[in-house]
Amino acid sequence: MFRFVTIAIVICLLELSPAPRAVAQQSPRGSASPSLQQQLAQTEARRRGQIAGNMLSADEARRFWPVYDEYRRAVVDVRRQQLDVIVQYAGAYNRGGVGPAESRTLLSEAMRLEAERYRLKREYMRQMAGVLEATRQLRLYQVETRLDAEAQAGVLAHIPLAQ
């Protein structure tokens, strides 16, 4: 029964690493295993590769990556909180269901965290206006949104609906 949480945690962690050097901090319950650290580094490299391959000149890259890394660290903090909500939901689900009060609490927290992720992305895109020209800024938004959606779909596919 608790299998869906394990899968969701791994997928969340794979999506989230802000940079390979911070991988060990990703695990919600202690240090990440070496294989998980490697997966996190590969996922971040893929994310960074898609961004670099789609939009950055050498000059832009020099100005872009510090801002991007700061953004990813902030996103990871929010995703850790979202992971906590998933774990709380899993606990209730595995006990036989989520009651009305707990449902309201989980929904409120999940919505608050989604709003915070959106706020971070909006702020990040504003900062990119000083780094990238408008078309590349739009392309960055599209790439980030696509990668985020793919990762989120992977997590959500493994979480059973509330009964």
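1. Helices α3 and α5. In this predicted model, the axes of helix α3 (residues 58–94) and helix α5 (residues 134–156) cross at roughly 25°. Angles under 35 degrees count as roughly parallel, and α3 and α5 are therefore roughly parallel to each other. Their axes come within 14 Å. The crossing is right-handed.

2. Residues between α3 and α5. On the α3 side, the contacts involve Glu60, Phe64, Tyr68, Tyr71, Arg72, Arg79 and Ile86. On the α5 side, they involve Arg136, Leu140, Glu144, Asp148, Gln152 and Val155.

3. Helices α4 and α5. Here the packing angle is about 155°. Angles over 145 degrees count as roughly antiparallel, so α4 and α5 are roughly antiparallel to each other. Their axes lie 10 Å apart. α4 passes α5 in a right-handed crossing. From α4, the contact draws on Glu114, Arg117, Lys121, Tyr124, Met125, Arg126 and Met128. From α5, it draws on Gln137, Leu140, Tyr141, Glu144, Thr145, Asp148 and Gln152.

4. Overall fold. The chain has five helices and zero strands. Read from the N terminus, the order is α-α-α-α-α. Taking contacts between residues at least 6 apart in sequence, 73% join residues at least 24 apart.

5. Burial and surface. The chain has 163 residues, and 41% of them count as buried. Its accessible surface comes to about 8,900 Å². Carbon and sulfur atoms account for 56% of that surface.

6. Confidence. Mean pLDDT for the chain is 78, and 74% of the residues score at least 70. Which elements mark the two ends of the range in mean pLDDT? Helix α4 (residues 100–128) has the highest value, 95. Helix α1 (residues 3–16) has the lowest, 52. Over residues 17–33 the pLDDT is below 50. That stretch still has 39 contacts in the model beyond near neighbours in sequence.

Notes
Residues are numbered from 1 along each chain as its sequence is written. This is a predicted model: local features need pLDDT of at least 70, side-chain atom pairs count only at pLDDT 80 or more; totals for chains, interfaces and linings use all residues. Side-chain values use heavy atoms; hydrogens and water are left out. pLDDT is the predictor's confidence in each residue, from 0 to 100. Helices (H or I, at least four residues) and strands (E, at least two) are DSSP runs, numbered from the N terminus. Contact means heavy atoms within 4.5 Å. Buried means under 20% relative accessible area, exposed over 50%, partly exposed in between (1.4 Å probe, protein chains only). Accessible areas come from the Shrake-Rupley method with a 1.4 Å probe; for residues, only the protein chains shown count as cover. Axes are lines fitted to C-alpha atoms, for helices over the stretch in contact, and angles run from 0 to 180 degrees between N-to-C directions. Angles under 35 degrees count as roughly parallel, over 145 as roughly antiparallel, 65 to 115 as roughly perpendicular and the rest as oblique. A crossing is left-handed if the near helix is turned anticlockwise from the far one by less than a right angle, and right-handed if clockwise.
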